[in-house]
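The sequence and the structure are shown first.

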Amino acid sequence: MTYLEPGEYVDSDAPNIVVFARQACGDAADDIAKAVRLYYAVRDGIVYTPYCDFKSPETFRASACLARGSGFCVAKAALLAAAARASGIPARVGFADVRNHLCTPRLRQLMGTDLFVYHGYAELYLGGRWVKATPAFDRRLCEKFGVHPLEFNGREDSLFHPHDVSGRRHMEYVRDRGPAADVPVAEILEAFNRSYPQLTAGAPAPSATQFGREAEQARADATE
């Protein structure tokens with residue numbers, strides 16, 4: 001499989017992906033301009049939520065994430081990669097373990113840790129090199145958490161900030177798991193089930209806006 005062909009989860013040939021990519025790119029004249037438009041369309045057009053049905057393959061599929069209008073980091077990375085491929089830009093998904101020092105109390109309780117394994121991002125081939133793009137946290141969520149939204153210019157890696165706007169520690173990269181042509185769902189599920197049995201137990205997922213409300217409350221509690 002090449003990085004321009006559709007995959008099972010990076011399903012760049014899905015009709016809604018093709019339409020989304022065409023509309024997001026608009027009149028962009030080159031691959032970097034297209035990539036930047038796609039990045040912001042995914043970052044802010046898809047609500048981030050860590051509360052998903054991890055037993056369902058649709059949780060990880062790009063076209064399903066687009067149809068829902070919400071998803072977690074892996075699904076949003078798959079969506080960006082799929083939209084890039086649909087636009088003629090070679091793309092893949094990458095993974096890393098990160099420690100989120102600003103994790104909400106509810107999510108930390110469910111996970112039992114602030115270490116997120118298999119955090120997902122996208123890599124796009126632009127200007128003769130692979131460039132990392134992290135579209136996970138939408139702007140509204142960042143505002144609620146008090147963290148800087150990640151920007152992307154198509155030339156430099158877009159990775160999580162180590163600190164929030166007030167200087168508190170935010171994200172720490174612990175382990176680089178490398179890139180893949182498609183989402184390795186079986187590997188991710190095995191790691192999630194081992195690391196976060198409460199989170200993947202199968203309880204009904206709350207609404208996609210629940211995490212944003214938690215972020216708002218956590219920031220308010222921290223400033224009291």
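## Overall architecture

The chain contains 8 helices and 6 strands. Read from the N terminus, these elements follow the order α-α-β-α-β-α-β-α-β-β-α-β-α-α. The structure is a predicted model.

Of the 224 residues in the chain, 52% are buried. When contacts between residues at least 6 apart in sequence are considered, 69% of them join residues at least 24 apart.

Helix H4 (residues 73-86) comprises 14 residues. From its first C-alpha to its last it reaches 20 Å, close to the 20 Å expected at 1.5 Å a residue. Because 13 of its 14 residues are buried, H4 is largely enclosed by the rest of the structure. Just after this helix, Gly88 adopts a positive phi of about 85°.

Helix H2 (residues 31-45) packs with H4 at an angle of about 150°, and the two axes are 10 Å apart. The two helices are therefore roughly antiparallel to each other, since an angle over 145 degrees counts as such. Their crossing is right-handed. On the H2 side the contact is made by Leu38, Tyr39, Val42 and Arg43, and on the H4 side by Lys76, Leu79, Leu80, Ala83 and Ala84. Sorted by class, this contact of H2 with H4 has 7 nonpolar, no polar and 2 charged residues.

Phe20, Ala21, Ala24 and Cys25 of H1 form the contact with Lys34, Arg37, Leu38, Ala41 and Val42 of H2. By class, the contact of H1 with H2 has 7 nonpolar, no polar and 2 charged residues. Leu38 and Val42 of H2 take part here, and both are also listed in the contact of H2 with H4.

H1 packs with H4 at an angle of about 75°, with the axes 9 Å apart. That angle makes H1 roughly perpendicular to H4. In this contact, Ile17, Val18, Phe20 and Ala21 in H1 meet Leu79, Ala82, Ala83 and Ala86 in H4. The contact of H1 with H4 has 8 nonpolar, no polar and no charged residues.

## Ala62 in helix H3

Ala62 belongs to helix H3 (residues 62-68). With a relative accessibility of 0%, Ala62 counts as buried. Residues up to four places away in sequence aside, Ala62 touches Tyr9, Asp11, Ile17, Ala78, Leu79 and Ala82.

Thr134 is found in the loop between strand S5 (129-133) and helix H6 (139-145). Thr134 is buried, with a relative accessible area of 1%. Beyond its neighbours within four places in sequence, Thr134 is in contact with Tyr39, His119, Tyr121, Leu150, Ser158, Leu159, Phe160 and Tyr173. Of these, Tyr39 also takes part in the contact of H2 with H4. The C-alpha atoms of Thr134 and Val42, which are 92 residues apart along the chain, are separated by 9.8 Å.

Cys103 occupies the loop between strand S3 (91-100) and helix H5 (105-111). Cys103 is buried as well, at a relative accessible area of 8%. Neighbours within four places in sequence aside, Cys103 contacts Arg108 and Phe116. Between the C-alpha atoms of Cys103 and Leu115, 12 residues apart along the chain, the separation is 9.3 Å.

Tyr118 lies in strand S4 (residues 115-126). Although not a glycine, Tyr118 has a positive phi of about 55°. Tyr118 is buried, with a relative accessible area of 9%.

Note on methods. Residues numbered from 1 in each chain as written. Predicted model: local features only at pLDDT ≥ 70, side-chain atom pairs only at ≥ 80, totals over all residues. Heavy atoms only, no water. Axes fitted to C-alpha atoms, helices over the stretch in contact; angles between N-to-C directions. Helix = DSSP H or I, 4+ residues; strand = E, 2+ residues; numbered from the N terminus. Parallel < 35°, antiparallel > 145°, perpendicular 65-115°, else oblique. Left-handed = near helix turned anticlockwise from the far one by under 90°. Contact = heavy atoms within 4.5 Å. Nonpolar A, V, L, I, M, F, W, Y, C, P; charged D, E, K, R; others polar. Expected span 1.5 Å × (residues − 1). Buried < 20%, exposed > 50% of the residue type's maximum accessible area, 1.4 Å probe, protein only.
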